[in-house]
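Open the model in your viewer and keep the selection tool at hand.

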Amino acid sequence: MLLFFPEAHQTSLPVAYTNSRQSSISGRSFYTQWQLPTTGRRHVSRYLFYLSCVTKTSTAWRSKPIKQEVVYDDQLAVNKAVTKLTNLPPLVTAHEIWKLRASLRDVALGKSFLLQGGDCAELFSYCNAGSIDSKTKLLLQMSLVLIYGANKPVVRIARMAGQYAKPRSSPMESQPDGTKIPSFRGDILNGFPAEERAIDPGRLVEAYFHSAATLNYLRAQLASGVADLHNPLDWNLGHVADPDLAERYHKIVDSIAESLRFMRTIGADTAGQLQTVDLYTSHEGLLLEYESAMTRQLQHPRNKFTACAGAAPVVNNSDSEDDEDESGHYNTSAHFLWVGDRTRQPDHAHIEYFRGIVNPIGIKVGPTTSVTDLCELLDVVNPDKEIGKVTLITRYGQDKVSDLLPTHIKAVRESGHIVVWQCDPMHGNTRSTATGIKTRSFSAVFNELEASLRIHRALGSILGGVHLELTGDAVTECTGGSVGLEDEDLGSRYETFCDPRLNEKQALELAFLIAGFQRKGRSSVAV
Ligand code: PEP
Ligand code: CO
């Protein structure tokens, strides 16, 4: 217990446990502001409440060691940015966060499937109508294919409207002339051009406004019917040269179109479900200055959802005003946040922050994740073992998945946690071409995904979803797929500033392949 309540050894108890918390962004100076209290049981219980709050709020992480640390030269400018962020309105609401939690519970229980995707590093310049529209359309189309394949609802989460911070393997990067400059750490900290590599705290606030503009456009488009399934979708399958493959894909598209026509004919499309869809936002919770500034203690909604698919919300009729039960700490910058492979140490700052938020969270799990760490992590971030609160995003690589995934599945089962298992077949399959271009092969991506589906099925577990780096544009960053991109073709439209993404056609093709696998598993009729 002490491990996670480092201040518990202090013998002096605080009297004022509320007001001065906001006045300092430094956890250490915050802790020294408390004075000796009068004694008595009321204070002891209040102190325990205080401890449970501060260790879970936006400041406690500062007392822990941190990976991917950012050293700011201008602390005053950071303080200014954080104060500004603290006062700006939330980007997402507690109600939406609970709705997603309910949906992810369904995913964990095998009642829904989860599709999560978007850029590796979102740039501020991607905040434009074309880029947002093409990703939204792609995620929508993929989700239809996956509904067809899995025969269950699909929960959609975009890596969008905030994916601006990137973990790096080295803080410095070599230039072609041998000089070294700071690495690009994402638009939230510095710019990609060599002359913009200094950390600029003003970018923290810029990140907020780019997230807000992206989300505003996304919400407006969805509300205006961009996802209205009455509109015919352009499936654009002309690139599939293999006639067998083309026939299989056309069969899936025809079947989706037929189902939509059927619903229209019987009038089942009038209840509003076909006019729009839910699309949640997510990003890696890497930059804790930003994440903690966007964290608010909010009242829990009176209507918490128990399950998304059609279930009525549960109404909380309690009139209690006790903060402990009625409110919680919400990260209001996105619905879903995940902790990366490099920052998930159980006793470090990121996990200290993550364990205190109400949002559903993801944890990347890779070849270096020990079984002990994995189980400890789950206990720390989800002590009440809430179903679907945690998504384990596995990313081993096609060569390692068969060795490592079964052990992790068995360990989690024994721990009693019921998680969402999600496969990220991208981050373990990055390779360099002979000329040094960072790429991923479509076949490696699919191999890891297929192996994960197979292993979960064989162990009676559920692969609940996929996590992909993709873009709606016709970039040439990953090789293979029906477009038949070779290493030599990558130069024609290689645009990523971080990891290579599947383009529109490759991403859709992956959805077709997953759907084919899922349908084969359910019946002997292959698509
Ligand atoms: C990412 O998802 O962009 C990422 C950096 O992944 P990981 O933490 O798994 O390496
Ligand atoms: Co990436």
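Select ligand 1 and E469. An oxygen atom of ligand 1 sits 3.2 Å from an N or O atom in the E469 side chain. That is a polar contact: a pair of N or O atoms within 3.5 Å; within protein, one must be able to donate a hydrogen and the other to accept it, and residues adjacent in sequence count only if both atoms are side-chain atoms. The protein buries 97% of the 290 Å² that ligand 1 exposes when taken alone. Such areas come from the Shrake-Rupley method with a 1.4 Å probe.

A word on the ground rules. This is a predicted model: local features need pLDDT of at least 70, side-chain atom pairs count only at pLDDT 80 or more, and totals for chains, interfaces and linings use all residues. Residues are numbered from 1 along each chain as its sequence is written, chains are lettered from A and ligands numbered from 1 in the order in which they are written, and side-chain values use heavy atoms, with hydrogens and water left out.

Next, select the cobalt ion (ligand 2). Which protein atoms are its donors? They are C120 (SG), H427 (NE2), E469 (OE) and D499 (OD), 2.1 to 2.4 Å from the ion. Donors are N, O and S atoms within 2.8 Å of the metal (3.2 Å for Na, K and Ca); water is not among the atoms, so sites may look incomplete. Along the chain, the donor spacing is C-x306-H-x41-E-x29-D. H427 lies in the loop between β13 (420-423) and β14 (431-432), while D499, 72 residues apart from it, lies in the loop between β16 (465-469) and α14 (504-522). Helices (H or I, at least four residues) and strands (E, at least two) are DSSP runs, numbered from the N terminus.

Now color by burial. H427 and D499 are both buried, meaning under 20% relative accessible area; exposed is over 50%, and partly exposed is in between (1.4 Å probe, protein chains only).

Last stop: T496, in the loop between β16 and α14. T496 is buried too, at 13% relative accessible area. Its side chain reaches the backbone oxygen of D499 at 2.7 Å.
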